[in-house]
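Hi everyone, thanks for making time this morning. Please have a look at the model on the screen, and then I'll walk you through a few parts of it.

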Amino acid sequence: MAVLEQRQKQIFTTGSAGPFEMECSKPSLAGSVSQRACVFCGSRVVLYPIADAVHLVHGPIGCAAYTWDIRGALSSGPELHRLSFSTDLQELDVISGAEKKLYAALVELIDRYQPKAAFVYSTCIIGIIGDDVEAVCKKVSLEKGIPVLPVDSEGFKGTKKDGYRAACGALFKLTGQKALENISKYSINIMGEFNVAGESWIIRSYYEKMGVQVVSCLTGDARIEEIQRSHGAALNVVQCSGSMVYLAKMFEEHYGTPYLRVAYFGIEDVSEALYSVARFFKEPELMKRTQKLVREEIEAIYPKLQEYKKKLTGKKAAVYVGGAFKAFALVRALRLIGMKVVMVGSQTGNKDDYKQLQSMCDEGTVIVDDTNPLELSEFLKDKEVDLLIGGVKERPLAYKMGIGFCDHNHERKIPLAGFSGMLNFAEEIYSSVHSPVWKLVSRRRSLTENEGIEAGA
Amino acid sequence: MLLRHTPKEIKEREALTVNPAKTCQPIGAMYAALGIHNCLPQSHGSQGCCAYHRSTLTRHYKEPVMAATSSFTEGSSVFGGQANLLEAIGNIFTIYKPDVIAVHTTCLSETIGDDIPQIVAKAKEEGKIPDGKYVIHCNTPSYVGSHVTGFANMTRGMVNYFSEKTGVGKNQINVIPGWVEPADMREIKRLAKELGIKIVLFPDTSDVLDTPQTGKYRMFPKGGVTIPELKSTGDSKATVALGALASGPAAEALDSKCKVKCHILDLPIGLQATDNFINTLRIAAGVNVPDSITEERGRMVDIITDMQQYFYHKKVALVGDPDQLISLTQFLTELDMKPISIVTGTSGKAFEARIRKILKDTVPDVNVRAGGDMFLLHQWIKNEPVDLIIGNTYCKYIAKDEDIPFVRFGFPIEDRIGHSIFPTVGYQGGMRLLEKILDVFMDRQDRDATDTTIELQM
């Protein structure tokens, strides 16, 4: 198939000859229809779920408009995060600098909403016009008595991952600020869980049933005060390696807090996540409660899951997601329901991630870094895929080709994490793969003929 | 109460925008460029811009949206984006093979000061642009104007690059539709056909962003105005530009470049604006209006007649883009409704003046703001409640919190379908708007009726 020459080192088929060395973590080729975003996007998605802070986007209007409430990160209390705040820079601001405007906007915002903290996101242009955002933040912080945190997220200064790092830097500045009363020795911070469709609530409930105290969740349904005492937790449990592992490492360095990397997606991964936390605390009763929890949860979903497996066995899936860690979990979960993963890729995976993917996947699986729609559509066609898992830009592509789809990104509407999430996931996939609409699609009709869809059959 | 954070008391804000009623120029340029056949829009800036625009357009249209990016890095921010754009042009023509690359700038590349025509000339020199292929551009700094101006700039770019006057006149009319939906563009073409007039519609996103499900993915769908058509616009008899803000600049450019007389009209939304559009087309082409169109109009008037009691003096809050709001305000006035609060995010005093003029007899104390935001609109609604909100998807929060009937109209609409399939322009479009407005009023009446007062006939 047609692949840009320079892209050949970012595509690999397992089982093919030659050593496997993915050339990744590099900027997209100019002129490619990349599915990737920017530094700002990375920072924005990580910090956005903090519901009692204001999030001010410093730049022209677009960056604030496009990120206004785009991720279904739910809050059990305040909803400040779902509003869109911008300095809406104009030509004159760009010429003469926008520090005064930023100051005025921050003061207005803080006076109006009385938030517990403010985040100020620098967009591309701020890096060029040279506003001293940090100085403005410091000044407002002193005047208003709340943390005002600059987030260096100029879009061009790297990839989405650099945005995660900038967000982690801002979060870390909040830690160590509040007293550590009433924190159990069996306590954790949940990191890299953003409460999309209420998933953090499910995960939190598991830990609570195990007898583990959750000091903070970063950043799903988060509150500033919890983050300020998060250094009191005994352990950091990090999901979504791409976004939050930086923060976990900072905790380790500064507070000596160890961390575990987990995923909450799929029975194997979520069970292992809970067990690894239980093992860490070396408390027999806690382990017993965990075993009981896992057993009960699995018993509750297993029979139904087997039914889906029967109907999905042998169906072929392609996965294209942001972070590689999510890809691992998806490969395992799809296997659990009988599906075969024939293509897997990510926007931001690193060399080790791709090596791990290679070792997990069956022979003949295409592994790809930072793909584009043309490539993707070719893979989907060549591999005769039944289902694509991806994000907003991939959905219509799959549908146009007559292929089932599952959004595992911002736009998932039902929780897919945890045990109950696994069942939701299986049901969503089943409903899409077996939708009768595919029988109306001419390209796929020949593929499904043996299922008896011909007129009069 | 999602918007519990909105206080009733209004304080003028100097520096802060809350819940914007606009977005930035480049997305408009991208949308316009998608209305050229076999064209790949090229976003000259960071990757995120392109990703955000594509995502937003995808959410609105539920269609694959193709555009490439110059993928700026720290290096490009220091040394300029020339190398990126040259590489992009080469790569795009090699692998994606469009007929046209339509470059738009971003706040980043504008501030750095990249000179696009100079870079394109260099690409040509280096043999990166194959014969018969084109690279066009427009400047769309995000800190000027709004998404609507971006659309206008790219549309004007089409004229700048393509329109030619051969001296041999063509019996055709140019129609610039403004930022409307694919369905609207389709409807404008149908009306012209019904009138027996050959038109060149540009841009034209029908059959690009409303494509049928075929089981195949086509990077460049069959729709869009073609290059020969765009070139021929210089020989047309006249140009009819719909919407002063979105279409005016291209029409004026065509007038000064090729001396094609232009008529800048309001978007044909509602009865009077559609009458005006049909009449202008008729005169420009020298044809008669067929009975079929007169009858369509008659059906629309019939609905208004039948349902007048439901429209009478209903108060409305409107938010959207200037061209749309002007026509909509006019239309609502025709229906005896009262638009009392009107906000657009796009700046420009002409808008406020025009709205006040339309409403001078019916709503002399209208709240109107160009360069406002949805927060302001919400505050106005809190102070002066309305019976109906018309605006994009983001209005749903206000509608829910204040418990007000809501009709989705404008950009973006991310939570319903229909906007890209059914027109709101022309008489057919007017009838659809009437149906939508009546539906929400009557659903509300039914919902609020008691078991005793619920009525069967309405």
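Helices and strands here are DSSP runs, H or I of at least four residues for helices and E of at least two for strands, numbered from the N terminus.

Before I go on, a word on what you are seeing. This is a predicted model, in which local features need pLDDT of at least 70 and side-chain atom pairs count only at pLDDT 80 or more, while totals for chains, interfaces and linings use all residues. Residues are numbered from 1 along each chain as its sequence is written, and chains are lettered from A and ligands numbered from 1 in the order in which they are written.

Is Lys22(B) buried or exposed? Lys22(B) is buried, because 29 other C-beta atoms lie within 10 Å. The cut-offs are these: 20 or more other C-beta atoms within 10 Å of a residue's own make it buried, 12 or fewer make it exposed, and anything in between is partly exposed, with C-beta atoms placed from the backbone. Which residues does Lys22(B) touch, leaving out those up to four places away in sequence? They are Ile61(A), Ser146(B), His147(B), Gly345(B) and Thr346(B). Touching means contact, that is, C-beta atoms, placed from the backbone, within 7 Å. The C-alpha atoms of Lys22(B) and Gly145(B) are separated by 9.3 Å, although these residues are 123 apart along the chain.

Now let's zoom out to chain B as a whole. Chain B has 18 helices and 14 strands. Its radius of gyration is 23 Å, close to the 23 Å of the globule rule for 458 residues, so chain B is as compact as a globular protein of that length. That radius is taken over C-alpha atoms, and the rule is 2.2 Å times the number of residues to the power 0.38. Along the principal axes, the C-alpha atoms fill a box of roughly 80 × 55 × 45 Å. Buried residues make up 58% of the 458 residues in chain B. Of the contacts in chain B with a separation of 6 or more, 73% are between residues 24 or more positions apart.

Next, a sheet in chain B. Four strands form an open, parallel sheet in the order S3-S2-S4-S5; strands count as paired if DSSP finds at least two bridges between them. Strand S3 (68–69) and strand S5 (134–138) stand at the edges with a single partner strand each, so one side of each has no neighbour in the sheet. Inside the sheet, S2 (residues 39–44) and S4 (residues 100–105) pair in the parallel sense over 6 bridges, and Ser43(B) has His104(B) in S4(B) as its bridge partner. S4(B) is joined to S5(B) by 5 bridges, again parallel, with Val100(B) opposite Tyr134(B) in S5(B). And S5(B) itself? 4 of its 5 residues are buried, so S5(B) is largely enclosed by the rest of the structure. Helix H7 (residues 147–162) of chain B lies across S4 and S5, running at about 140° to S5(B); that angle is between N-to-C directions, on a scale from 0 to 180 degrees, with axes fitted to C-alpha atoms, for helices over the stretch in contact.

In the contact, 21 residues of domain 2 meet 16 residues of domain 3. On the domain 2 side, H8(B) gives the most, with 5 residues.

Last stop: the two chains together. The contact takes 63 residues from chain A and 59 residues from chain B. On the chain A side, helix H4 (residues 99–113) brings the largest share, 6 residues. Strand S3 (residues 85–86) of chain A and strand S1 (residues 17–18) of chain B run antiparallel, joined by 2 bridges, and Phe85(A) has Val18(B) as its bridge partner there.

Technical notes. Two residues are in contact if their C-beta atoms, placed from the backbone, lie within 7 Å.
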